[in-house]
Amino acid sequence: MIGLYHPGHSLIHRAPMLLKLALLSLAVLLIGLLGELWQLGVFLLGVAALFLVARVPLGAAWKQVGPILWILVIAVPLQALFAGWTTAGLMAGRLLIAVALAALFTLTTTVTAVLEGFQKLLRPFRRWVDADRVGLLLALTLRCIPLVAEIVSEVIEARRARGTQGSLLALAVPVVVRSLYAADAMGEALAARGLDD
C-alpha cells in the first residue's frame with residue numbers, strides 16, 4: 001500500500017526526497033543493465049542492507065514486498081517456458097529488487113515530502129505547469145489508491161458475509177459504483193474549496 005511511512009531517524013529517512021528518488025531511478029536503470037544472476041544477488045544483498053540501515057521492521061517490509069512473490073510464482077515459470085530459466089531468474093530478480101527499492105522509498109519518505117519534492121522539481125517549469133495543481137493531483141492519487149483498495153476489500157467481505165462468491169462482474173460493478181460515489185464526493189469537496197475551474 002502507498003503511504004505506509006514508517007517513522008525513523010536513519011540516514012535513509014533523513015535523506016532529501018529528490019535525492020532518494022534520483023538514486024531509486026538510477027538503481028532501477030542499473031538493475032535493468034545487469035545481465036548475470038550473481039550480480040542481481042549482490043544487488044539484492046545491498047538492498048537488504050539498506051532495509052537494515054533504515055531499521056524497517058520485517059513485517060512492514062514483508063507487507064510491501066511479499067505480494068510481488070505471488071506474481072513471480074506465475075510469471076517465472078511462464079518466462080522460463082518461453083525464454084529459459086536464466087532469463088526468468090533475471091526478470092524475477094530485477095522485479096523483486098525494483099519493488100524492494102520502491103518499498104524502501106515509500107517506507108522512509110512521507111507523502112508530504114514526496115509532494116513538496118515534486119512541487120520543487122516542477123518550479124522551474126511554472127510558466128507551463130502549475131506545480132500546486134500537480135501536487136494536488138499527486139496527493140489525490142496517493143489518497144485514492146488505498147481508498148479503492150479498501151472499497152475492494154469491503155465489497156469482497158460483504159460478498160463473503162452474504163455467501164455469494166459470484167463472477168468477476170459481480171465484484172466489479174459494486175466497486176466501480178462505490179468508487180464513482182467517492183470520486184463525486186471528492187469533486188464536490190474540491191469545488192467547495194474553489195478548485196473547480
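Tutor: Before we start: UniProt annotations may be inferred rather than shown by experiment. The model above is a predicted one, too. With that in mind, the unreviewed UniProt entry annotates residues 17–35, 42–62, 68–88 and 95–114 as "transmembrane region".

Student: Okay! What makes up residues 42–62 in the model, helix or strand?

Tutor: That span is 86% helix and 0% strand, and its end C-alpha atoms sit 20 Å apart. Residues 95–114 come out at 90% helix and 0% strand, with 23 Å between the end C-alpha atoms.

Student: Let's look at some helix pairs. How do H3 and H5 pack?

Tutor: Helix H3 is residues 37–54 and helix H5 is residues 85–108; their axes are 10 Å apart, at an angle of about 15°.

Student: Why is H3 called roughly parallel to H5?

Tutor: The label goes to angles under 35 degrees. An angle of about 15° falls under that cut-off, so H3 counts as roughly parallel to H5. Their crossing is left-handed. As for who takes part, the contact of H3 with H5 has 16 nonpolar, four polar and one charged residues.

Student: What about H2 and H5, at what angle do they cross?

Tutor: Roughly 175°, with the axes of helix H2 (residues 17–33) and H5 coming within 10 Å.

Student: And what makes that pair roughly antiparallel?

Tutor: Angles over 145 degrees get that name. Roughly 175° is over the cut-off, so H2 is roughly antiparallel to H5. The residues making this contact include Leu21, Leu24 and Ile31 of H2, and Ile97, Leu101 and Phe105 of H5. By class, the contact of H2 with H5 divides into 11 nonpolar, two polar and two charged residues.

Student: Now single residues. How do you know that Gln119 is buried?

Tutor: Buried means under 20% relative accessible area. Gln119 has 19%, so it passes as buried. You'll find Gln119 in helix H6, residues 111–122. Leaving aside neighbours within four places in sequence, Gln119 is in contact with Ala131, Asp132 and Gly135.

Student: Why is Arg55 called exposed, then?

Tutor: The cut-off for exposed is over 50%. Arg55 has 69% relative accessibility, so it counts as exposed. Arg55 belongs to the loop between H3 and helix H4 (58–83).

Student: What is the phi of Arg55?

Tutor: It's positive, about 55°, although Arg55 is not a glycine. For background, most residues other than glycine have a negative phi.

Student: Last one: what makes Ala183 partly exposed?

Tutor: That class lies between the buried cut-off of 20% and the exposed cut-off of 50%. Ala183 is at 44%, so it counts as partly exposed. Ala183 lies in helix H8, residues 168–192. Its C-alpha atom is 24 Å from that of Val129, 54 residues apart along the chain.

Student: And how much of the chain counts as buried?

Tutor: Of its 197 residues, 27%. One more number about the chain: among contacts between residues at least 6 apart in sequence, 71% join residues at least 24 apart.

Methods. Residues numbered from 1 in each chain as written. Predicted model: local features only at pLDDT ≥ 70, side-chain atom pairs only at ≥ 80, totals over all residues. Heavy atoms only, no water. Helix = DSSP H or I, 4+ residues; strand = E, 2+ residues; numbered from the N terminus. Axes fitted to C-alpha atoms, helices over the stretch in contact; angles between N-to-C directions. Parallel < 35°, antiparallel > 145°, perpendicular 65-115°, else oblique. Left-handed = near helix turned anticlockwise from the far one by under 90°. Nonpolar A, V, L, I, M, F, W, Y, C, P; charged D, E, K, R; others polar. Contact = heavy atoms within 4.5 Å. Buried < 20%, exposed > 50% of the residue type's maximum accessible area, 1.4 Å probe, protein only.
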